[in-house]
Amino acid sequence: MARTDAIVLGAGIVGTSIALHLVKRGLSVALVDRAGIGEQTSYGNSGVIEGSTILPPAFPSSLSGLLRAALKRGSDANYHMSFLPQVAPWLWAFRAASSPARLAETARLNRPLFAAAIPEHETLMLESGATKYLRKTGWLKLYRDEKSFKALQPEFEMAKEFGLPLEALDPTGVQALEPSLNPVFARGVFWPKAASLSNPLVVTRAYAKRFSDLGGLTLTGDARTLHRSGAGWRVETNEGGVDSANVVVALGPWAPDLLEPLGIKLPMGFKRGYHRHFKAQGNASLERPVVDVANGYLITPMEQGIRLTTGAEFAARDAQPTPVQFDRLMPKARELFPLGERADEKTWLGARPCFPDSRPVIGRAPGQSGLWLAIGHAHWGLTLGPPSGRLIADMIEGTTPFVDPKPYAAERFLG
Ligand SMILES: Cc1cc2nc3c(=O)[nH]c(=O)nc-3n(C[C@H](O)[C@H](O)[C@H](O)COP(=O)(O)OP(=O)(O)OC[C@H]3O[C@@H](n4cnc5c(N)ncnc54)[C@H](O)[C@@H]3O)c2cc1C
């Protein structure tokens, strides 16, 4: 049996970043996962370090948008009919958080974490030898019509408020950045302060190796074995029980499996998403992630090929994959970029762990001393892993938190 200062449950980008931050402060730390490091949600994402994200995704505000989603006319969203009764309360809360005023409030509350994302990643990358996977080439969002571009005005105003540069481009301007894109769109917006990774999996693994090199213990075990032991906690692993006064839950979409039996019920929903890899035809190439906003998919260059990721699917976390969005979006993607044959055999499925107010929960678990939460990073867990790691480490160490943690407290969901 081992005794540590902290146990981190879940070795995705969030848990691994937390474990690394804690061990750097001289704490003895065990990082526990039942699978391999970074192999779940943190593997299959679009790889964007979204330093310039402003407004969170919103519930459709127009009847036409709602109908489009309800009738599954677009490729941006999908849902399982049988899941609707279960997800209805979450959707209701998401809708309430989607008013223009609430979206702007969320943008301001999340901003300190987003602002820290790229510098925090760069620090960890430098010490982990992972800088070669970082591309500081920004990201490009494409709009198929002028109307959707004009609707961006509030976001442009907030960008000014946050000091975030952007370039509004016509198709020629977009092609100057990405010559292989066909001009099937009306407008583009280039966000130069975003970055991206060419392989999120190896970056998480590099952070985990740095953690081990600094003396951290990486163990295999089921987080659901967590139980009270004396004044602290114990988790069972393949290497035996580990005791600690502090346990951080960083289980991504699986957090409820541990928390609900402990009486902690938080409104986590899941926006499932898929990816496939493709070869590029001929000499076609991409330098950065590109989003086709109207069709809700993203293409980005990865070491495995051009990764195409889908928008949200509302379905039970563990329901069978239903990658129907590809049928609807592939013609759109192929007209935008000369995608060639598949570069993989399997379609990957992951679940974005989302709270309806689009803010993560980072801080103490309500009613359970010594238990900490770092969950619900939604569309931005890859981005926000390292700043979440710093924040949790500040709180466990008892130093002044580098950002105000109040907006991320779990208590906001409790009566
Ligand atoms: C299609 C798609 C595209 C995305 N694109 C982006 C993007 O471009 N940029 C961005 O910032 N974010 C993006 N995201 C979101 C991001 O991937 C997630 O928010 C992030 O990976 C969550 O990280 P995590 O460490 O919390 O969870 P995970 O990576 O899922 O890690 C949780 C870990 O817990 C472990 N675990 C679960 N249950 C147990 C148990 N019982 N016992 C032990 N271990 C357990 C799992 O094995 C896993 O390793 C995207 C997500 C999807 C689905």
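1. Two strands are taken to pair if DSSP finds at least two bridges between them. The model under discussion is predicted, and the points below should be read accordingly.

2. Strand E12 (residues 232-237) pairs with E13 in the antiparallel sense, over five bridges. A hairpin of two residues connects E12 to E13. In this pairing, Thr237 lies opposite Gly240 of E13.

3. E13, spanning residues 240-249, also pairs with strand E1 (residues 2-9); here the sense is parallel and the bridges number seven. Val8 stands opposite Val248 in E13.

4. A further parallel pairing, over three bridges, links E13 to strand E22 (residues 371-375). Within it, Val249 faces its opposite residue Leu373 in E22.

5. Which residues touch the most other members of the largest nonpolar core? They are Val8, Leu9, Val248 and Val249, in a core of 100 residues. Val8 and Val248 also stand opposite each other in the pairing of E1 with E13.

6. Neighbours within four places in sequence aside, Leu9 is in contact with Val247, Val248, Val249, Ala250 and Leu251, among others. Its contacts also include Gly15, Val32, Ala223, Leu226, Val235 and Leu258.

7. As general background, nonpolar side chains tend to be buried together in soluble globular proteins.

Terms used. Residues are numbered from 1 along each chain as its sequence is written. This is a predicted model: local features need pLDDT of at least 70, side-chain atom pairs count only at pLDDT 80 or more; totals for chains, interfaces and linings use all residues. Helices (H or I, at least four residues) and strands (E, at least two) are DSSP runs, numbered from the N terminus. A nonpolar core is a set of buried Ala, Val, Leu, Ile, Met, Phe, Trp, Tyr and Cys residues joined through C-beta atoms within 7 Å. A residue is buried if 20 or more other C-beta atoms lie within 10 Å of its own, exposed if 12 or fewer, and partly exposed in between; C-beta atoms are placed from the backbone. Two residues are in contact if their C-beta atoms, placed from the backbone, lie within 7 Å.
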